[in-house]
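Please examine the sequence and the three-dimensional structure shown below. The paragraphs after them are intended to be read with the structure in view.

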Amino acid sequence: MSDHVTIYDIAKAVGTSTATISKALNGRHDVSETLRNRVIEVAARMGYRPNVHARGLKMKQSWLVGIVYGEGEENALEHPLFLPIMNAFKTSMEESGYELLFLSQHSRFVGDNLLSHASSRQVDGLLLMNIAKQALDPFLAASKSIPMVSCDAIVPSLTSVLTDNADASAKAVRYLYDAGHRKIAHIGGPSNPLAVSGDERAAGYHKAMQDLNLRNDAWEIRAEGWTPEDGRKAFLELITRCPDITAVYCAADFYVMGLLQVCRERHISIPEDLSVIGFDDVQWTGFVSPGFSTFRQDKQRLGSVAAQKLLEAIHGESEESVIRIPAELIVRGSCKTMHATEVQV
């Protein structure tokens, strides 16, 4: 981007006064929405970067980074994973002297306009989270000029930080196998080309079952979404076609909530009749009886590593990579150890 583009250049390109350009770029209410969007778009295209901080005047930095949050599903921000990651990211960036700008795709700035808004605020870098594939193209196009890192999704050409989902699935299968279970089912998450957790947890389950010569496609079902209702529907279908399973590994604790409802209705006892492992370690899993075994994602490390990689990218020290953070199996009371006479051949 050019350091020499001024509001006079933007005013000439838009065909209005410099005073109006200044008002539009500073969010004044006496400029129409249409004109403001036009000014932001032209300013970003021309490479205008206002020096809004004193140290930015000297160091050519704004000391401002943006979090672009997609909100792909309704109330997705309430998911127990995202807010702790963003808080850890915020803490790490603030320790390095940066302020944060939160950019939601549900705001009036969407797609190219959202990127233009980020550019007009002179952000030094962006963290991308939960962005739908169809909204990603403008960001990828700008990633050569604005450093970017993705978290909890694999984005081509960007450094991506996420949980080691396949490894966790292998641990779940092995734990249940060592407890004597042989008919181990999986309720998997939906497929997504970016947010790959559903696919990777399913792939880890497949490989672990195959390595143990236990693979049976009938024991796996993929839920349509990530809600308790999706889990309830998936578990109903699973036990209808495979009533003799003895263990279920769920790709989300939300699925366990739906599963529990079905178990109460059908008088299925946990862990006596069915052993269950979930994923996410949401708060309630440790405060019910029995407590539920589940995987705890290292949200603090996910956020801090994302911050570290964005700082490296800002300083031109980072190369594209995929960084996977291990998840920890938290063992509680939802899994039964099978007696020798119960172990299936």
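Predicted model: local features only at pLDDT ≥ 70, side-chain atom pairs only at ≥ 80, totals over all residues.

The following paragraphs describe helices, strands and individual residues in turn.

We begin near the start of the chain. Helix H1 covers residues 7–14, and Asp 9 is part of it. Is Asp 9 buried, partly exposed or exposed? Its relative accessibility is 32%. Because a residue is called buried under 20% and exposed over 50%, Asp 9 counts as partly exposed. The side chain of Asp 9 reaches back to the backbone nitrogen of Thr 6, at 2.9 Å. Asp 9 can also be placed relative to Ala 43, which is 34 residues apart from it along the chain: the two C-alpha atoms are separated by 9.1 Å.

Helix H1 meets helix H2, which is formed by residues 18–25. The two axes come within 9 Å, and they cross at roughly 105°. Since angles of 65 to 115 degrees count as roughly perpendicular, H1 and H2 are described as roughly perpendicular to each other. On the H1 side, the contact is made by Ile 7, Tyr 8, Ile 10, Ala 11 and Val 14. On the H2 side, Thr 18, Ile 21 and Leu 25 take part.

With a relative accessible area of 16%, Ser 92 is buried. Which residues does Ser 92 contact, once its neighbours within four places in sequence are left aside? They are Ser 304 and Ala 307.

Ser 143 is buried, and its relative accessible area is 16%. A polar atom of its side chain lies 2.8 Å from the backbone oxygen of Leu 140. If neighbours within four places in sequence are set aside, Ser 143 is in contact with Met 148, Ser 157 and Leu 158.

Although Pro 156 and Leu 140 are 16 residues apart along the chain, 8.4 Å separates their C-alpha atoms. Pro 156 touches Leu 140, and also Leu 194 and Glu 320, when residues up to four places away in sequence are not counted.

How many of the five residues of E5 are buried? Five of the five are, so E5 is largely enclosed by the rest of the structure.

We turn now to an open sheet. Six strands make up this sheet, in the order E7-E6-E8-E9-E10-E12, and the pairing is mixed. Its edge strands are E7 (220–222) and E12 (328–330), each of which pairs on one side only. On average, and with direction ignored, neighbouring strands of the sheet are turned by 15° against each other.

Within this sheet, strand E6 (residues 184–188) and strand E8 (residues 247–250) run parallel and are joined by four bridges. The bridge partner of Ile 187 in E8 is Cys 250. Helix H8, residues 165–178, lies across E6, E8, E9, E10 and E12. Its direction is at about 165° to that of strand E9 (275–279).

Finally, consider helix H10 (residues 228–241) and helix H11 (residues 253–266). How do their axes cross? They come within 6 Å, at an angle of roughly 50°. H10 and H11 are therefore oblique to each other, and their crossing is right-handed. The residues of H10 that meet H11 include Pro 228, Phe 235, Leu 236 and Ile 239. Among the residues that they meet in H11 are Phe 254, Tyr 255, Leu 259 and Val 262.

Methods
Residues numbered from 1 in each chain as written. Heavy atoms only, no water. Pairing = 2+ DSSP bridges. Helix = DSSP H or I, 4+ residues; strand = E, 2+ residues; numbered from the N terminus. Axes fitted to C-alpha atoms, helices over the stretch in contact; angles between N-to-C directions. Contact = heavy atoms within 4.5 Å. Buried < 20%, exposed > 50% of the residue type's maximum accessible area, 1.4 Å probe, protein only. Polar contact = N/O pair within 3.5 Å; in protein donor to acceptor, adjacent residues only side chain to side chain. Parallel < 35°, antiparallel > 145°, perpendicular 65-115°, else oblique. Left-handed = near helix turned anticlockwise from the far one by under 90°.
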